[in-house]
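Please have the sequence and the model open side by side.

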Amino acid sequence: MPTLAVSRPAGSSHTLEHPLHNRDILCFSHDWTGDPLSKTHLMRLLARDNRVLWVNSIGYRTPGLNKADVGRLWKKLQAAREPLREVEKNIFVLNPLAVPAYGLRAARVLNRIWLRQQVRSAMRKLRFSNPINWVFNPAAAVLAGAFGEKTLIYQCVDEYSAFSGVAGSAILDLETQLLKKADLVVVSADKLYETKSPHNRNTVVVRHGVDFNHFRKALDPATVVPPEIASLPKPIIGFFGLIADWVDVELMAEVAKRYPTGSMVVLGKATTDVSALASLPNVHLLGRKPYEQLPAYCKGFDVALNPFRINELTLNANPLKVREYLAAGLQVVATNIPEVAILGTCRIGDTHAEFIQQVDDALKVPGPRAEISEQVRTEGWDARLSEIEHHLGNTLAAKKGSTR
């Protein structure tokens, strides 16, 4: 294991006006090795002048005996052999072990004891003190307040109780505890604000940002479209992201059938049945691609899709991929997800027929365009982090004033 750097980054001390400077930050999130999500982007920015202890996923769904879940458990056990490592400057990743059965009270008690010991051990090695506890995973409620943290932030980007395979009522109970303890609650959608703010008056909406300069590369003449799609018949209708049960695979198949002489390119890991797509000769299921390569694939797309089913999970969602498509200059056709519709820049289809018509209309002017990309230039992650820091400063100032 490489030597762990424990010195603090150079910079000014934190103040109420700049509360996210020169701090130790705990981050309870998804696994670091996953695709970059809102958590990844924010913590990378924070690591410029803070130190981050990123705690890999402690789970919030009970695993089954299927091949995927068994494989995931095996990887967790293997990763735990190297529990702490510095993956990037000032970002240290901990691979904890936990019992992913939050529907059971005994499991929650065991996890509080076991996880607290693992995290405290990592904090001692790094000489962390008075940390900010920045929680993205509601299951971490069992640990909130256990590390001498002076500030607790809960950033909620999904309605976690609505995921399939989750003990919904148990997750809601844990989340309610977290909401009540948090100094600041940050949500990424208006609908999340409606359900979370009654539990904490310091709840704010900060929508997702975008890695603008990265996806803007789709418009760079030097960017080369990957050979596996460069010669496909046009138009190329594109999608990237996790293909899970919230993706309307049947709708995607209908779109592909509408363009039998064109191509549909689907990038991403599939965790749901995609046989409706796999059976079509003009659909190319290319699997997960590295984040670094996505702009090159976008350059080859003529239009991009966000075909989410309409349910409690997606009505609360703010899909990262939409702003990423837009930054790449692509027209986006989406189902009527509130946080997509509110952008005012995407084509929305309320029915399958309307969705396909919107694809038809978008393809009248195909491919990436600079004017589309410019619409999200000011929505970078640095701007979102500034919003959060502003809200946190106000919250801490009010808290200090109330204790005088």
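I237 stands opposite V303 in strand β12. This belongs to the parallel pairing of β9 with β12 (residues 303–306), which is made over two bridges; two strands count as paired if DSSP finds at least two bridges between them. Helices (H or I, at least four residues) and strands (E, at least two) are DSSP runs numbered from the N terminus. The model is predicted, so local features need pLDDT of at least 70 and side-chain atom pairs count only at pLDDT 80 or more, while totals for chains, interfaces and linings use all residues. Residues are numbered from 1 along each chain as its sequence is written, and side-chain values use heavy atoms, with hydrogens and water left out.

Strand β9 also pairs with β10 (residues 263–267), in parallel, through five bridges. There the bridge partner of I236 is S263 in β10. Together with helix α8 (residues 249–258), β9 and β10 make a right-handed β-α-β unit; right-handed means that, with the strands pointing away from the viewer, the path from the first strand over the helix to the second runs clockwise.

In a regular strand the side chains alternate between the two faces of the sheet. Because five of the five residues of β9 (residues 236–240) are buried, the strand is largely enclosed by the rest of the structure.

Elsewhere, eight strands form an open sheet of mixed pairing, in the order β3-β4-β2-β1-β5-β6-β7-β8. The edges are β3 (84–88) and β8 (203–205); each has a single partner strand, so one side of each is left without a neighbour in the sheet. On average, neighbouring strands of this sheet are turned by 25 degrees against each other, direction ignored.

Helix α4 (residues 168–181) lies across β5, β6 and β7 (184–187), at about 130 degrees to β6; axes are lines fitted to C-alpha atoms, for helices over the stretch in contact, and angles run from 0 to 180 degrees between N-to-C directions.

L143 is in the loop between β5 and β6. With 0% relative accessibility, L143 counts as buried. Beyond its neighbours within four places in sequence, L143 is in contact (heavy atoms within 4.5 Å) with F28, N111, R112, L115, R116 and E149.

Technical notes. Buried < 20%, exposed > 50% of the residue type's maximum accessible area, 1.4 Å probe, protein only.
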